[in-house]
Amino acid sequence: QDLAASVRGTVSIGLLDGTATIYVETARSGDVGPHYPDIGLPIPVVATAMGRAAAAILPAAQSALLEQRIKKDNPDLWSLHRDNYRAGIRHCAERGFCTCFGEYMTSIHAVGAPLFHSRTLKQTFSINCGIPAYRLQPGQLESEIGPRIAALAASIRSLVNEAEPVIEPREEEAAM
């Protein structure tokens, strides 16, 4: 809630469900703009920071299966977002977070960070922060809010006794 209020946006936790990420919790500031994420809302993995962050911690074999399913279920969406999707996974490995500049909703920019894969629940969780684009200064998403969402993810992992997720290199990224 503190992060959402300080950036005047939303902070949400989601879980991976097929080719979507489902919102399971959201903290909001007062005026969040046109996007009002709510519990149960599915968003596409390939076009969102939260989805890319969840996909980043999948083992390579599961990641390849996810890509195949996205390509099969929605080839146009895959073609449109493939490069940014793969870059987002790479950025999660390098920086602990990824960005999305209006790809899902043009007026919302977001950062996402992997949380963990629960062996007990057999679910993969990630966290994001979405902010109306007009509230952001150039570079603010990468320099300020991204590191904050990555730190929040680490704090949550610590509270629930989960290790930092391992992000495996992807063969597909090497071919880019």
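**Stop one: the strands**

Select valine 11 and look across to S2, where its bridge partner is alanine 27. Before going on, know that this is a predicted model, where local features need pLDDT of at least 70, side-chain atom pairs count only at pLDDT 80 or more, and totals for chains, interfaces and linings use all residues. Residues are numbered from 1 along each chain as its sequence is written, and side-chain values use heavy atoms, with hydrogens and water left out.

Now colour strand S1 (residues 10-17) and strand S2 (residues 20-28): they pair in the antiparallel sense over eight bridges. Strands here are DSSP runs of E, at least two residues, and helices are runs of H or I, at least four residues, numbered from the N terminus; two strands pair if DSSP finds at least two bridges between them. Two residues sit between the strands of this hairpin, and glycine 18 there takes a positive phi near 65 degrees.

Click isoleucine 22 to find its bridge partner in S3, proline 42.

**Stop two: the pockets**

Which residues line the second largest pocket? Select Leu16, Gly18, Leu58, Gln62, Leu65, Leu66, Arg69, His117, Lys122, Gln123 and Thr124. Helix H3 (60-73) and strand S6 (123-132) are the elements that give two or more residues to this lining, and H3 gives the most, with four. A pocket is an open set of points on a 1 Å grid over the protein atoms alone, where a 1.4 Å probe fits, with protein on both sides within 12 Å along at least five of seven lines; lining residues have an atom within 4 Å of a point.

For the largest pocket, pick out residues including Ile57, Pro59, Phe116, Arg119 and Glu162.

**Stop three: the cysteines**

How many disulfides are there? The count is zero, with a disulfide taken as a pair of cysteine sulfur atoms within 2.5 Å. Show cysteine 100: the nearest cysteine sulfur, in cysteine 98, is 7.9 Å away. Cysteine 100 is buried, with a relative accessible area of 4% (buried means under 20%, exposed over 50%, partly exposed in between, with a 1.4 Å probe and protein chains only).

Finish at cysteine 129, which is also buried, at 0% relative accessibility. Its closest cysteine sulfur, in cysteine 98, is 12 Å away, too far for a bond.
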